Every structure is written in C-alpha cells, then in structure tokens.
Amino acid sequence: QTPSTRRSSMKLSKFDFKENEKTVLVVDDNTVNLKLVGRMLDHFNLKFFKAENGQEAVNFMKKSRNYTQDLDSPDVGLIIMDYNMPVMDGLEATKCIRS
C-alpha cells in the first residue's frame with residue numbers, strides 16, 4: 001500500500017465522534033506537536049481544543065460538559081496528553097481530571 005491508500009483506509013475506533021458531538025482535547029507544551037496532532041485530527045474533521053500544560057487541561061475540563069452538564073460547553077470524548085510539561089505534568093493532570 002502507498003501512504004495515500006493507507007491513509008484513506010484508516011479508521012477511528014468504534015466511537016463515532018461526529019454523531020455524539022464529542023471533541024478532542026490535545027495537551028502539549030510543544031507547539032510543533034500541537035500542530036502535528038491538530039493536522040491529524042483535521043484530517044478526520046474532528047473538532048479539537050488545545051492546552052499547553054496540565055493545569056490548562058484541568059481548567060478546561062472543569063468547564064466542559066463532562067463536569068458541568070452545560071449543553072453549550074464542549075463534550076470531550078478523548079484527551080491526548082503529553083507526560084512531561086511545565087506547571088502540571090500529564091500524570092498529575094490525569095489524576096485531577098479523573099477525580
């Protein structure tokens with residue numbers, strides 16, 4: 001397979017983001033990584049938000065539909081998070097988000 005045919009046959013998991021209006025939160029302090037992941041998500045026409053450290057991710061999640069049940073807030077279905085970041089690392093942010 002060539003890269004272009006491989007890309008067209010790529011499938012997301014069984015979870016249908018479009019049908020459920022889910023969004024993706026991408027958390028990384030490296031702007032190159034944020035752009036790269038953003039382009040991948042754009043390829044699948046997925047709506048996403050960016051955060052540059054774990055504390056920003058926690059703050060974002062506290063305002064999301066996942067916590068507030070506010071239908072006007074984003075409903076995050078997936079978080080892609082770096083581990084090593086300033087302010088709050090990915091592991092600590094994950095613990096805060098899960099609690």
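Biologist: Phe60 lies in helix H4. What counts as a helix here, and what as a strand?

Modeller: A helix is a DSSP run of H or I with at least four residues, a strand is an E run of at least two, and numbering starts from the N terminus. Please keep in mind that this is a predicted model, where local features need pLDDT of at least 70 and side-chain atom pairs count only at pLDDT 80 or more, while totals for chains, interfaces and linings use all residues. Residues are numbered from 1 along each chain as its sequence is written, and side-chain values use heavy atoms, with hydrogens and water left out.

Biologist: How many helices and strands does the protein chain have, and in what order do the elements run?

Modeller: The protein chain has six helices and three strands. Reading from the N terminus, the order is α-α-β-α-β-α-α-β-α.

Biologist: Back to Phe60, then. Which residues is Phe60 in contact with, leaving aside its neighbours within four places in sequence?

Modeller: Contact means heavy atoms within 4.5 Å. By that rule Phe60 is in contact with Leu25, Phe49, Pro74 and Val76, once neighbours within four places in sequence are set aside. Pro74 is 14 residues from Phe60 in sequence, and the two C-alpha atoms are 9.3 Å apart. Val76 in turn touches Phe60 and Met61, along with Lys22, Thr23, Leu25, Ser64 and Asn66, not counting residues up to four places away in sequence.

Biologist: Which residues of H4 and H6 make the contact, and what are they by class?

Modeller: Gly54, Ala57, Val58 and Met61 of H4 make it with Ala93, Cys96 and Ile97 of H6. By class, the contact of H4 with H6 has six nonpolar residues, one polar residue and no charged ones. Here Ala, Val, Leu, Ile, Met, Phe, Trp, Tyr, Cys and Pro count as nonpolar, Asp, Glu, Lys and Arg as charged, and the others, Gly among them, as polar.

Biologist: What makes Gly54 buried?

Modeller: Buried means under 20% relative accessible area, exposed means over 50%, and partly exposed lies in between (1.4 Å probe, protein chains only). Gly54 has a relative accessible area of 0%, so Gly54 is buried. The C-alpha atom of Gly54 is separated by 5.6 Å from that of Gly90, 36 residues away along the chain. Leaving aside neighbours within four places in sequence, Gly54 is in contact with Val27, Met85, Pro86, Met88, Asp89 and Ala93.

Biologist: What makes a set of residues a nonpolar core, and which residues form the largest one?

Modeller: A nonpolar core is a set of buried Ala, Val, Leu, Ile, Met, Phe, Trp, Tyr and Cys residues joined through side-chain atoms within 4.5 Å. The largest has eleven residues: Leu25, Val27, Ala51, Ala57, Val58, Met61, Val76, Met85, Met88, Ala93 and Ile97. E1 (22-27), H4 and H6 each supply at least two residues of this core, and H4 gives the largest share, three residues. A second, separate core of eight residues includes Val26, Val37, Leu46 and Phe48.

Biologist: Why does Val87 count as exposed, and what is its phi?

Modeller: Val87 has 71% relative accessibility, so Val87 counts as exposed. Its phi is near 70 degrees, a positive value in a residue other than glycine. Most residues other than glycine have a negative phi. Val87 lies in the loop between E3 (75-81) and H6.
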